[in-house]
Amino acid sequence: MQAKEFKVKWGMAIDIDKCTGCGACMVACQAENNLSPIEDASNKIKVMNWLVVYELSNKKPFPEHDVAYLPRPCQQCGTPPCVSVCPVIATDKNEEGGIVSQIYPRCIGCRYCMAACPYHARYFNWLDPVWPEGMEKALTPDVSVRPRGVVEKCSFCHHRFMMAKDKAIVEGRDPEALADGEYVTSCTEACPNGAIVFGDLNNPDHQVYELARSKYASRLLERLHADTQVYYISRREWVRRQLDNYLDNEKVKG
Amino acid sequence: MAVDRRGFLKFVAGVSAGVMVTPIPWKLLDDASIWTQNWPWIPSNVDGATSYVSTVSKLCPSCVGMKVRLVGDRPVRILPDENHPLSKGGISPLAVAEAQMLYSPARVKRPLKRAADGAYVAISWEEADALLAEKLGAAKGSIACVSGDETGSINEVLSSLAVQAGSGNFYLMPTEAQPAAKALAAMGGKGQLGYDIENSDYVLAIGANVLETWGPVISTRAAYKAARPHGEDPAVQFVFAGPVQNSTAAGADQWVPIKAGTEGVFALGIAHLLIKAGATADAADFSAFKSLAEAYTPAKVAEITGTNADQLKAVAAALLKARTPLVVCGSDFGQGTGAGTVMAGIAVNMLLGGLNRKGGLKLLPVAEPVVSSAMSRAEMMDKDFVSYMSRINAGKEKAPKAMVFYEANPAYALPQATKMSEVLGQVSFKVTFTTFLDETAMLCDLVLPVPMGLERLDDVATPYGYGQALYCLARPVAPMPASVKPAGDYIVALAGKLGCSLGVSSWEEVLQAKAKAMDADWDSLMDGNVFTSDATVSANLSFAADLLAKSVNVKAQEGNFAVAPVFKLGIGTAKTAIPPYNNKLIRRWELQGNELYVAMNGATARKLGVMMHDKIVISNKSGSINARVNIFEGIMNDTITVLMGLGHTAFDQFSKGKGENVMQLLTVGFEAGTGLSVWNMAGVTISKA
């Protein structure tokens, strides 16, 4: 399937070597996008997380062991497997910017998209979202709360994109030529290590443009040809090797 | 009328076409989907005008600077603050949840009194005032105060109260600042230790978890960020020495495994190699130190610390090669380390010529107290709370008649936590000023609710470890709940009622005086600006070689295995427990349901004959915990790691009853030479459950 091309393509370059797994991005994401807390978060089947930081291991015994952390938002595939399976077109990739949408009121909760997504980036609301009494006052006005029974996922903080475009329009600028850093996701903004760089993958003025072309940059399960918009950078070969199912005798990029 | 086959088919076709054409079923489906997603119990967004206020976190031990996004008057997001030196565009995983913590189910909403049957009853502030005045009045001369706020001027008010109305017993909850202050004082230094990580080109962290919990971690991580452009060779090398491949080790260029509690020995091993390479220092007792370091040969250090001699040599060589190397010694879980460890670290920095040098170790000025009879920072740092509790337990010192806790949770956070709670039981009247109903509040006779940092005026003065003298204000950005009172003004008034003369009449006056003492401009601070100063205190340090020789000695541990607690800021602190959003940060094999998982490497598991998920009992003379096994190879042999911040018996549904409290296993010992209480080495025995 041919990836749909856009003039603006929002993407990330995440430096795995800089991530220390603190989780600031995960908490910032929940607060920004109005995810609800859960009493038993060890039940990973029912926990809602648009962004998860995975732990990677080089699988060598002590003392040769090495560890790395991989933050995984929605990869915003160029050819999204979730879109083609949705029976009600609740998810689509149609807007300038290339963000895969998720229309909650249209979702019927069939979860085909979850089965199709190779990145486990989609989550089903098994439970009603419940906030401790009063905590709903800390909800942001930008993202609607999703009810039980629908699938949700990372939207690259789409509301921030809308706000940045609105601002550009009000100031008489081209909303499709936002400056680098004018629109960033909540996780990008929160990361104290600066591990996430966000921007337009098609715009040479954006830092992410060069980073995506780095010899150390590769994408998750790249050989599925989902043409994702999230690039991972690591100077460590064992990390790059784990980003796809490489055979022992296969070479990886970089 | 008979219906033939053709007629029936026509009818079916007509109905089908009708259904397809009419909008009714589609409209009904649409309505149904909308109706089923507009349940009244699902909260709706409330819009309002957005504004931003810059302030500093009093909740997170990193004292991170932050920008609060308000919608109307509601704080909804905590964002990084580019302009704050303690944020520099980053935010901690704890502070980022602070707006939501305002509505934590564990918040104390009104004063509570313990009734005769042990239950808590809500009382009015008038009743609380009367009870407090009566009980503290009766206990006058025997009141101890304990504070969990290391950087605030509230400590001056509390210490003045303890000096004037009590027995002079004011204590800070233990952190890394006390052993550091003790080390500096022993070496003849004045002021406060500051580490200029931002300008260093080689950072060796021995024990100190600099990228997760040590010092002003978000500012440290800003320096880390700046030095490491994506995918390029880092401009600054970070090396971490410690028993576990923790967050700092994960971000560092090199992890040097060393046993917990042997940080000082490792530093002396480095000193040995530096001196051998010709390093020297202008200190009177250099020759004494040289002979001390002489004994710490790579082979001996490797034997004691469990490290590899070649790795030690490589680190020493890299330090010599660096232009502005910096060594940071501390604890990988933020407390319990000895002064000897820090002294050894200072000694290495002295050999590297790093004292009061850009990118080195700085001695920062500390402002004099502004409250009459208040303890100076040096005096506060000299007071050892764990040692005090141990003396009471041993009958060497009488328990005070009353104890006042301010944002402190010793019943959970001290080593041998259960024993410490028993000691607290000897105190006849206990009152706590707290935001959350924590374990200590559950032991108190009176619980007084105080506002959170976002709701009050408070201050932060040079957090331990930061490379410059700093002063800034936490400004109230959210409306305070009706039945909560700011502790600053309340304690100032309380001290007055107890006959203390503080020399100030309000909390704001204390802060204004403090700002003046720091040379900061009050109006500018109130606008959200931060005062920083490059001033340093002149240093003529000695190596205190005799004391170092005694204090750095590693004692034999109990049992065959060592416990290495793992402190992650995101999981919360003893003061906050696990914030509601943050329990999702706990990894799958750290906690399942309420069951704790502890980690060990494969070799240790084989030695014990256990496999992943097996149940084990970890015990020593201090306590015992039950857990299941997780295998993680980033741990030294014969060491198990336990996540801190679990096993709460108070707070809310997000924390209570989950896992076990590792503090139960940490046994208090006393450092030779300095007498400081230490608990950075916990030996345990492990058996299958």
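**Figure 1. Helix α9 of chain B is mostly covered, with 13 of its 14 residues buried.** This view, like the others, comes from a predicted model. Helix α9(B) runs through residues 263–276. From its first C-alpha to its last it reaches 20 Å, close to the 20 Å expected at 1.5 Å a residue. An α-helix has 3.6 residues a turn, so residues three or four places apart point the same way. Just after α9(B) comes B:Gly278, which takes a positive phi of about 105°. The helix lies across four strands of chain B, namely β9, β10 (237–242), β11 and β12. Relative to β9(B), α9(B) runs at about 140°.

**Figure 2. Four parallel strands of chain B form an open sheet.** The strands of this sheet are ordered β11-β10-β9-β12. Its edge strands are β11 (254–257) and β12 (325–329), and each of these pairs on one side only. From one strand to the next, the twist averages 15°. Strand β9 (residues 202–206) pairs with β12(B) in the parallel sense, over five bridges. Within this pairing, B:Ile206 stands opposite B:Cys329 of β12(B). The helix of Figure 1, α9(B), lies across these strands.

**Figure 3. Three antiparallel strands of chain B form another open sheet.** The strand order here is β1-β2-β3. Strands β1 (50–56) and β3 (74–80) stand at the edges with a single partner strand each, so one side of each has no neighbour in the sheet. The twist averages 30° from one strand to the next. Strand β2 (residues 65–71) is joined to β3(B) by six bridges, and the two run antiparallel. B:Arg69 has B:Arg77 as its bridge partner in β3(B).

Figure 4. B:Lys88 is found in the loop between β3 and α3 (98–101) of chain B. Its relative accessibility is 25%, so B:Lys88 counts as partly exposed. B:Asp519 lies in the loop between α19 (507–517) and α20 (522–526) of chain B. Its relative accessibility is 66%, so B:Asp519 counts as exposed. For chain B, the mean pLDDT is 95, and 100% of the residues reach 70 or more.

**Figure 5. Strand β1 of chain A is largely enclosed by the rest of the structure.** The strand covers residues 10–15, and six of its six residues are buried. A:Trp10, A:Met12 and A:Ile14 point one way from β1(A), while A:Gly11, A:Ala13 and A:Asp15 point the other way. Residues on both sides of β1(A) are buried. The strand pairs with β6 (residues 196–200) of chain A in the antiparallel sense, over five bridges. In that pairing, A:Gly11 stands opposite A:Gly199. Strand β1(A) also pairs with β8 (residues 230–233) of chain A, in the parallel sense and over four bridges. There, A:Asp15 has A:Ile233 as its bridge partner.

**Figure 6. A:Gln75 is a buried residue in a loop of chain A.** The loop lies between β3 (67–72) and α2 (81–85). A:Gln75 has a relative accessible area of 1%, and buried means under 20%, so this residue counts as buried. Leaving aside neighbours within four places in sequence, A:Gln75 is in contact with A:Tyr119, A:Leu220, A:Thr228, A:Gln229, A:Val230 and A:Tyr232. One of these residues, A:Leu220, is 145 residues away along the chain, yet the C-alpha atoms of A:Gln75 and A:Leu220 are separated by 8.3 Å. With A:Tyr232, the side chain of A:Gln75 makes a polar contact of 3.3 Å.

**Figure 7. A cis peptide bond leads from A:Phe62 to A:Pro63.** Omega of this bond is near 5°. A:Pro63 has its place in the loop between β2 (52–57) and β3 of chain A. For the complex that contains these views, the predictor gives an ipTM of 0.97 and a pTM of 0.95.

Key
Residues numbered from 1 in each chain as written. Chains lettered and ligands numbered in written order. Predicted model: local features only at pLDDT ≥ 70, side-chain atom pairs only at ≥ 80, totals over all residues. Heavy atoms only, no water. Pairing = 2+ DSSP bridges. Axes fitted to C-alpha atoms, helices over the stretch in contact; angles between N-to-C directions. Expected span 1.5 Å × (residues − 1). Buried < 20%, exposed > 50% of the residue type's maximum accessible area, 1.4 Å probe, protein only. pLDDT = per-residue confidence, 0-100. Contact = heavy atoms within 4.5 Å. Polar contact = N/O pair within 3.5 Å; in protein donor to acceptor, adjacent residues only side chain to side chain.
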